[in-house]
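Please read the following report alongside the sequence and the coordinates.

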Amino acid sequence: MPYYKKMGNIPHKRHTIFRRPDGKLYTEELFGVEGFSGIASLLYHYNPPVRAVRIQPCPEMSAALTPKVAPQDVQRHHHLKTGALPAGGDPIQARRILMFNNDIRMALARPTEQMPYYYRNSQADEMYFIHQGRGVFETVFGNLPYEPGDYVILPHGTTYRVVLDNANSPEGQRWFVSEAKGRIEVPHRYQNQYGQLLEHSPFCERDISGPAELAPIIEDPQTGREYEVVVRAADMVTAYYYETHPLDVVGWDGYLYPWRFNIRDFEPITGRIHQPPPVHQTFQGPNFVVCSFVPRKFDYHPEGIPAPYNHSNIDSEEMIYYVNGNFMSRKGMEIGSITMHPHGIPHGPAPGAAEASIGKEATEELAVMIDTFHPVYYTEAAMEIDDPSYPLSWYENDK
Ligand SMILES: [Fe+2]
């Protein structure tokens, strides 16, 4: 997040003497992007974070995280019924990648098992949208609890694990997880030249929070003890083993750290006539945007049509993940449904939706949209839950 945060104990000046209770030095780590010129934080580890005991490849994890392309023979719309995807696996290996390109991967995860290791995705910012479930992201920056509706943004390179609170998640864990080859950020157009969120932004700094507590795990090196950190970098998955705990940071400060924002805190922007999707924008990423469709009052022009108009996204793909409520423009959607309206062909509201929306005053819909500016590939996992009748639903349902 582009504002300064400090947690734990740090010395009064960077790169100066800072000693542990036993008299040894703490170990500084600059965690930053774009060399030494980008956004960064400065961390103080109890033990050096570089003393790997052994290193080995992770072929099984690598295979699980590699999308398997399902070639398409026609350009068409898709309706993916993710409710049919099975639950299982830990928070990383539970991901079922459905669509991807060089900028972003989109996956659905329904984890049931805890992580016995830590994970460090060094090649992609990660965005977890928590549809269902509670727990904690235990990160090198501290613990970040999550609940339904949260977007959790993890800068690439963050060492973490997710601890599932299954006892307080009666519906299980259901997440929509995206990975970006670049930074996932607050839209720059919502910020002034100082980085502060503008008055007309649909959310502000009060709605955003970083880790809630820093609880370093302090241990002296012990031969024979191993902590595993699975590192994803250079399209390889590598297991690093250390004899000290990776979450041993006693203090840090800076501008780069994991954070969360709950979709319920998105304040919708409405108008007298239909407002286009950019008013719903929540984040920006490399060649994609993330939008939140939240419960809101409809347009109030006496002759307004609240349902969206047909549109041709000539050169972008439009993914919508349906979270809750009766989605205004489209009947037949299930909780967890995904529609993908690709570039090159028009789409619009379901037959009759425009007429039916006239005079309606509000909607309870809740959905997450990601528009990518480059085409996506579909995976075998996506095709297993694809409804092939969907592309003709505008015709079939209008007879
Ligand atoms: Fe659309």
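## Strand E16 and its partners

Arg120 stands opposite Val231 in E16, within a parallel pairing of strand E8 (residues 118-121) and E16 that runs over 4 bridges. Two strands are taken to pair if DSSP finds at least two bridges between them, and the elements themselves are DSSP runs numbered from the N terminus, with helices being H or I of at least four residues and strands being E of at least two. The model is a predicted one, in which local features need pLDDT of at least 70 and side-chain atom pairs count only at pLDDT 80 or more, while totals for chains, interfaces and linings use all residues. Residues are numbered from 1 along each chain as its sequence is written, and side-chain values use heavy atoms, with hydrogens and water left out.

E16 also pairs with strand E17 (residues 236-242), here in the antiparallel sense and over 7 bridges, with Val229 standing opposite Tyr240 in E17. E16 and E17 form a hairpin with 2 residues between them. Strand E16 (residues 227-233) is mostly covered, as 5 of its 7 residues are buried; buried means under 20% relative accessible area, exposed over 50% and partly exposed in between, with a 1.4 Å probe and protein chains only.

## Positive phi angles

Most residues other than glycine have a negative phi. In the turn of the E16-E17 hairpin, Ala234 has a positive phi of about 55°, and Asp235, which lies in the loop between E16 and E17, has a phi near 60°, again a positive value in a residue other than glycine. Asp235 is exposed, with a relative accessible area of 54%.

Glu34 has a positive phi of about 55° although it is not a glycine. The place of Glu34 is in the loop between strand E2 (27-32) and strand E3 (40-45), and Glu34 is exposed, with a relative accessible area of 63%.

Strands of a sheet pair through backbone hydrogen bonds, either parallel or antiparallel. An open sheet is formed by 8 strands in the order E15-E19-E12-E9-E14-E7-E6-E29, with antiparallel pairing. Its edge strands are strand E15 (208-209) and strand E29 (377-378), each of which pairs on one side only. Within this order, strand E6 (residues 96-100) and strand E7 (residues 104-109) pair in the antiparallel sense over 4 bridges, and Ile97 stands opposite Ala107 in E7.

## Aromatic pairs

The structure holds 27 aromatic pairs, where rings of Phe, Tyr and Trp (its six-membered ring) pair if their centres lie within 6.5 Å, and planes under 30 degrees apart count as stacked, over 60 as edge-to-face and the rest as tilted. The rings of Tyr128 and Tyr160 have their centres 6.4 Å apart and their planes at 90°, so the pair is edge-to-face. This pair links distant parts of the chain, with Tyr128 in strand E9 (residues 125-132) and Tyr160 in strand E13 (residues 159-164), 32 residues apart. Both Tyr128 and Tyr160 are buried.

Phe129 and Tyr151 form a tilted aromatic pair, at 5.1 Å centre to centre and with 55° between the planes. Phe129 lies in strand E9 and Tyr151 in strand E12 (residues 150-154), so the pair ties together parts that are 22 residues apart in sequence. Phe129 and Tyr151 are also both buried. Ring pairs link Phe129, Tyr151, Tyr190, Phe203, Trp259, Phe261, Phe266 and Phe283 into a cluster.

## Cysteines

The structure holds 0 disulfides, a disulfide being a pair of cysteine sulfur atoms within 2.5 Å. Cys204 is in no disulfide, and the nearest cysteine sulfur, that of Cys291, is 19 Å away. Cys204 is partly exposed, with a relative accessible area of 29%, whereas Cys291 is buried, with a relative accessible area of 2%.

## Overall dimensions

The protein has 4 helices and 29 strands, and of its 399 residues 53% count as buried. For 399 residues, a compact globule would have a radius of gyration near 21 Å, and the 22 Å of the protein agrees with this; the radius is taken over C-alpha atoms, and the globule rule is 2.2 Å times the number of residues to the power 0.38. Taken along the principal axes, the C-alpha atoms fill a box of roughly 80 × 45 × 40 Å.

Among contacts (heavy atoms within 4.5 Å) between residues at least 6 apart in sequence, 75% join residues at least 24 apart.
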